[in-house]
Amino acid sequence: GHGSGVAEVGGHRAVGEIRAVNHRFFELKLRTPWADAVIEERIGQALRRRAERGSFAVTVREESGVKGAAVRIDMATARNVATALEELRRELKIEAPLPLPLIANQPGVVIVGGGDEDSEARWTWVAPALEIALAELLVMRGREGRALADDILGRLARLDELAAAIARKSVTAPEEWRRRLEERLAKLLAGTVVPFDEARLAHEVALFADRVDVTEELVRLRSHVEQVRAL
């Protein structure tokens with residue numbers, strides 16, 4: 001699923017975007033323009049309250065709603081990013097110098113407006129955008145979930161049909177096998193003096209009927225189908 005939201009609060013324009021794919025557990029990848037552990041934790045909590053599992057990629061950015069908003073460079077973060085990228089460049093033996101946009105585009109390097117805000121103040125304008133994006137995402141997830149549920153229910157109905165057909169066939173299977181066995185024996189004994197042993201034939205048919213009895217398997221199958229429907 002996917003959801004996006006825009007909200008303007010107190011001169012701040014926040015844009016939130018969430019992308020999600022299926023995952024057995026809960027996984028979160030965050031990209032924000034701030035190195036703010038409180039905001040990151042709040043985003044994680046908001047998602048966990050509404051989605052039990054999935055792999056989520058969340059992007060939050062600020063687009064200042066006030067003309068001429070202040071732009072600040074976090075020099076400490078910029079130096080750390082440049083040092084790490086320079087080490088990577090040397091390790092990979094890349095001759096080209098580090099491009100400035102690569103450094104500037106890393107989270108927390110360039111801060112537009114509100115750079116000195118504390119986490120609580122920042123959350124007041126980040127949360128509404130995130131809530132809109134999350135609501136849109138959940139609508140899409142619900143729509144896809146209903147489509148998958150319809151498909152699964154259709155397959156369960158088909159399994160019911162097949163189980164009923166198997167049950168009908170299992171009733172007549174021993175008699176059909178008896179008929180074919182009689183035909184084969186008649187051909188084998190034709191022109192001989194060997195007597196036809198009705199008792200032995202009945203015994204073989206009884207053994208066959210026991211071997212092909214699928215009552216237990218059909219009961220289990222129906223039980224599994226009903227459990228899936230309940231889920």
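## The crossing of α4 and α6

Helices α4 and α6 cross in a left-handed manner, a crossing being left-handed if the near helix is turned anticlockwise from the far one by less than a right angle. This is a predicted model, in which local features need pLDDT of at least 70 and side-chain atom pairs count only at pLDDT 80 or more, while totals for chains, interfaces and linings use all residues. Residues are numbered from 1 along each chain as its sequence is written, and side-chain values use heavy atoms, with hydrogens and water left out.

Helix α4 (residues 119-189) packs against helix α6 (residues 215-230) at an angle of about 165°, and their axes are 10 Å apart; angles run from 0 to 180 degrees between N-to-C directions. The two helices are therefore roughly antiparallel, the term for angles over 145 degrees.

An open sheet of mixed pairing is formed by 4 strands, in the order β1-β2-β4-β3, where two strands pair if DSSP finds at least two bridges between them. Because β1 (2-9) and β3 (26-31) each have a single partner strand, one side of each edge strand is left without a neighbour in the sheet.

Strand β3 runs parallel to β4 (residues 54-62), and 6 bridges join them; Leu 28 has Phe 56 in β4 as its bridge partner.

## Helices on the sheet

Helix α1 (residues 37-50) packs on the sheet and touches β2 (12-21), β3 and β4, its direction making about 140° with that of β3. Helix α4 lies across β1, β2 and β4, and runs at about 155° to β1.

Terms used
Parallel < 35°, antiparallel > 145°, perpendicular 65-115°, else oblique. Contact = heavy atoms within 4.5 Å.
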